[in-house]
Amino acid sequence: MTDQKTTLDTRERILDVAERLFMENGYEGTSMRVITGAAEVNLAAVNYHFGSKEALLREVFRRRLAWLNHQRLEALDRLEEHAAGAPLKPSQILEAFFGTLLRMGEDPALGGMTFLRLLGRTLTEPAEFIRTFFAGEYAQVIDRYKLALFRALPDVPKAEIVWRLHFMLGAMSYAIAGTDVLQVVTGCEVGDLAGEGADADPSDTLLARRLAQRLMPFLLGGLRAPLPQFHELSVTTTDTRARAVPQDGLRP
């Protein structure tokens, strides 16, 4: 084994271990000592490859998000090429954006459910440094998908589309963060939550597939929901009354 391969193997082992431990214990609850012990390396090796715990967490995400962002952009490129200038269907856009992420949960080589849970938990309570990191990593992809949604839904106010994208991202983040809260609320076992029966012990691949099958229709339903009827105060010289402001419905 060459020194270069040994170095690369060590780096990947540290990333794999850190990914799992950050998912299980959170960023603050995972010390460098715990990571080095589980990865069977010394602190100098971690410092050599990453420099700090913050940099290590960023690299844990970067190696997965680089693939994800590339796949999302490729998927959108293919759809737009096939559409030959016509607007895409909203369902196609959501499948390319959210479906690509959820399929990572079925593939251990891409981090599987370990990475999805880490991403979800980090997105729900991001530290300032990781919020800035995500903003930079996602910028190009989010801009492309927003424009695609604007073209797909020309009669819907852009502000409403942005709000619904925000809601969908929040639902996705919470869903992939794990089933802990859902189990507490429902009292169901993981097998029940996967739809396989209480005695089942479903694999992460099956859990990821069931999650996608449940979440994707939910997200599309939210995007297609009627627009809100806002009430604004109309001030006149005689009285002040709530006035409904009608808006067009959202087309499927």
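The legends below describe close-up views of a predicted model.

**View 1. Helices α8 and α11 pack against each other.** Helix α8 covers residues 158-176 and helix α11 covers residues 204-224 (helices are DSSP runs of H or I, at least four residues, numbered from the N terminus). Their axes lie 10 Å apart at an angle of about 160° (axes are lines fitted to C-alpha atoms over the stretch in contact, and angles run from 0 to 180 degrees between N-to-C directions). The two helices are therefore roughly antiparallel, a term used for angles over 145 degrees. The crossing of α8 over α11 is right-handed, meaning that the near helix is turned clockwise from the far one by less than a right angle.

**View 2. Residues in the contact of α8 with α11.** On α8 the contact is made by R164, M168, A171, M172, A175 and I176. On α11 the residues are L211, L215, F218, L219, G222, L223 and R224 (contact means heavy atoms within 4.5 Å). Of these residues, 10 are nonpolar, 1 is polar and 2 are charged (Ala, Val, Leu, Ile, Met, Phe, Trp, Tyr, Cys and Pro count as nonpolar, Asp, Glu, Lys and Arg as charged, the others as polar).

**View 3. Helices in the lining of the second largest pocket.** Both α7 (128-152) and α8 supply at least two residues of this lining. The most comes from α7, with 6 residues. The lining residues divide into 10 nonpolar, 3 polar and 1 charged.

Residues are numbered from 1 along each chain as its sequence is written. Local features need pLDDT of at least 70, side-chain atom pairs count only at pLDDT 80 or more, totals for chains, interfaces and linings use all residues, and side-chain values use heavy atoms, with hydrogens and water left out.

Methods. Angles under 35 degrees count as roughly parallel, over 145 as roughly antiparallel, 65 to 115 as roughly perpendicular and the rest as oblique.
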